[in-house]
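These are my notebook entries on one chain, written as I went through its sequence and its model. Each entry says what I looked up and what I found.

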Amino acid sequence: MKSGVPLAVIGTSMFIAGLMLFYLINPEENKNLENIKNIGTFVGLSGMGVTLAGILVYLLNKNEQPIKENYDV
C-alpha cells in the first residue's frame, strides 16, 4: 500500500486541528489556555510538514513507464 496518501491526509487533519486550537481559544489571562494555543501553533506547523512529506513520498513512489529503447528505423 502506498503510504503517501494517508500521510498527506493525516497532515491535513493535523493542520486543521492546529488552526482550530489557535483561532478558537481565547486565553484571557489563563496560562493553561495560552499553552494550548501555542500547542495549536506547533501542531499546525507540524501538519504542514507532514502533508508535504506525504506529497513527496507519493510523488517519489509513482511508477514511471519504462524507457523503450527502440532504435530500429
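Does glutamate 29 count as buried or exposed? I found that glutamate 29 counts as exposed, at 86% relative accessibility, where I take buried as under 20% relative accessible area, exposed as over 50% and partly exposed as in between, with a 1.4 Å probe and protein chains only. Before going on I noted that this is a predicted model, in which local features need pLDDT of at least 70 and side-chain atom pairs count only at pLDDT 80 or more, while totals for chains, interfaces and linings use all residues. I also noted that residues are numbered from 1 along each chain as its sequence is written, and that side-chain values use heavy atoms, with hydrogens and water left out.

I placed glutamate 29 in the loop between helix 1 and helix 2, taking helices (H or I, at least four residues) and strands (E, at least two) as DSSP runs numbered from the N terminus. Glutamate 29 has a positive phi of about 65°, although it is not a glycine. Glutamate 28 is found in the loop between helix 1 and helix 2 as well, and its phi is near 40°, again a positive value in a residue other than glycine. I recorded glutamate 28 as exposed, with a relative accessible area of 61%.

I counted two helices and zero strands. The radius of gyration, taken over C-alpha atoms, is 20 Å, well over the 11 Å that the globule rule (2.2 Å times the number of residues to the power 0.38) gives for 73 residues, so the chain is more spread out than a compact globule. Along the principal axes, the C-alpha atoms fill a box of roughly 80 × 20 × 15 Å. Buried residues make up 15% of the 73 residues. Looking at contacts (heavy atoms within 4.5 Å) between residues at least 6 apart in sequence, I noted that 68% join residues at least 24 apart. The chain exposes about 6,200 Å², of which carbon and sulfur atoms supply 64%, the areas coming from the Shrake-Rupley method with a 1.4 Å probe and, for residues, only the protein chains shown counting as cover.

I checked the length of helix 1 (residues 4-24): at 1.5 Å a residue its 21 residues should span 30 Å, and its end C-alpha atoms are 30 Å apart, which agrees; the expected span is 1.5 Å times one less than the number of residues. Gly4, Ala8, Gly11 and Gly18 are buried in this helix. Seen down the axis, the buried residues of helix 1 fall within an arc of 85° (the arc being that of the directions from the helix axis to the C-beta atoms), so they line one face of the helix. The face turned away from the buried side carries the exposed residues Val9 and Leu24. I also looked up valine 5, which is found in helix 1 and is partly exposed, with a relative accessible area of 46%. Valine 5 and methionine 48 are 43 residues apart in sequence and 14 Å apart in space, C-alpha to C-alpha.

At 1.5 Å a residue the 30 residues of helix 2 should span 44 Å, and I found its end C-alpha atoms 43 Å apart, which agrees. Asparagine 30 caps the N-terminal end of helix 2, with a side-chain oxygen 3.2 Å from the backbone nitrogen of asparagine 32. Gly40, Gly44, Gly47, Thr51 and Gly54 are buried in helix 2. What covers these buried residues includes helix 1, and what covers the buried residues of helix 1 includes helix 2.

Which residues is threonine 51 in contact with, leaving aside its neighbours within four places in sequence? I found Ala8, Gly11 and Thr12. The side chain of threonine 51 reaches the backbone nitrogen of threonine 12 at 3.1 Å. Threonine 51 is buried, with a relative accessible area of 17%.

Technical notes: Polar contact = N/O pair within 3.5 Å; in protein donor to acceptor, adjacent residues only side chain to side chain.
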